[in-house]
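Please look over the model below.

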Amino acid sequence: MSKSNEEVFLTKEGLAKLEEELRDLKTVKRKELAARLKLAISYGDLKENSEYHSAKEDQSFMETRIMILEKMLTKAQIVDSSKMDLSAVSVGCIVILNDVEYSEKIEYRVVGPAEADVLDNKISYESPLGKELIGKKVGDIISVNAPMGIIKYELLEIKML
């Protein structure tokens, strides 16, 4: 099965964020880009017009992002936290881990790839750590192969937002 046909798992917050991004791109950003293109065209000679080429490139990136978002939203499966079984890790839950080597507690929310953001402690279920966490229970030891070697975590708690 190809990636393009797979379901996209999102939390309600992730869905709202992607819908807002799509709305902004289709309304605000498209108008801004149209104005940039109009101005660049007014400078004349399109072959030598760097402003025009830059705007066209930005337009291409934006339209690609719009297509990606639309496709993701049509395949979106919303994770319902109220129906979640907290006996094992699944998409949408929060895990509290203990780094075995350093005895440091770390908290992550397991999300779909579309809303992963390590700086916000949201990890994708497709990431190396996410893959190891799915299905694990409190007390399990998780080993993750990292560039600096194997990192071991103990799963201390599974909870909801």
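The text goes from annotated spans to single residues.

This is a predicted model, so local features need pLDDT of at least 70, side-chain atom pairs count only at pLDDT 80 or more, and totals for chains, interfaces and linings use all residues. Residues are numbered from 1 along each chain as its sequence is written, and side-chain values use heavy atoms, with hydrogens and water left out.

**Annotated spans**

UniProt, in an unreviewed entry, places "domain: Transcription elongation factor GreA/GreB N-terminal" at residues 9-78. That span is 80% helix and 7% strand. Its end C-alpha atoms are 6 Å apart. The UniProt annotation "domain: Transcription elongation factor GreA/GreB C-terminal", also from an unreviewed entry, covers residues 88-159. Here the chain is 8% helix and 47% strand, with end C-alpha atoms 10 Å apart. Helices (H or I, at least four residues) and strands (E, at least two) are DSSP runs, numbered from the N terminus. UniProt annotations may be inferred rather than shown by experiment.

**The second largest pocket**

The second largest pocket has a volume of about 150 Å³. A pocket is an open set of points on a 1 Å grid where a 1.4 Å probe fits, with protein on both sides within 12 Å along at least five of seven lines; lining residues have an atom within 4 Å of a point. The volume is the space filled by probe spheres set on the points.

By class, the lining holds nine nonpolar residues, three polar and one charged.

Ser127 sits in the loop between β5 and α3. It is buried, at 19% relative accessibility. Buried means under 20% relative accessible area, exposed over 50%, partly exposed in between (1.4 Å probe, protein chains only). Ser42 lies in helix α1 (residues 12-42) and is exposed, at 52%. The C-alpha atoms of Ser42 and Tyr52 are separated by 9.5 Å, and the two residues are 10 apart along the chain.

Each serine side chain has a polar atom close to a backbone oxygen, as tabulated.

| Side chain | Backbone oxygen | Distance |
|---|---|---|
| Ser42 | Leu39 | 2.5 Å |
| Ser127 | Ser124 | 2.7 Å |

A polar contact is a pair of N or O atoms within 3.5 Å; within protein, one must be able to donate a hydrogen and the other to accept it.

**An aromatic pair**

The count comes to one aromatic pair. Rings of Phe, Tyr and Trp (its six-membered ring) pair if their centres lie within 6.5 Å; planes under 30 degrees apart count as stacked, over 60 as edge-to-face and the rest as tilted. The rings of Phe9 and Tyr125 have centres 5.8 Å apart and planes at 80°, so the pair is edge-to-face. It links distant parts of the chain: Phe9 is in strand β1 (residues 8-10), Tyr125 in the loop between β5 and α3, 116 residues apart. Phe9 is partly exposed at 29%, whereas Tyr125 is buried at 17%.

**Positive phi**

Most residues other than glycine have a negative phi. Ser103 has a positive phi, near 50°, in the loop between β3 (94-99) and β4 (104-111).

Note on methods
Ala, Val, Leu, Ile, Met, Phe, Trp, Tyr, Cys and Pro count as nonpolar, Asp, Glu, Lys and Arg as charged, and the others, Gly among them, as polar.
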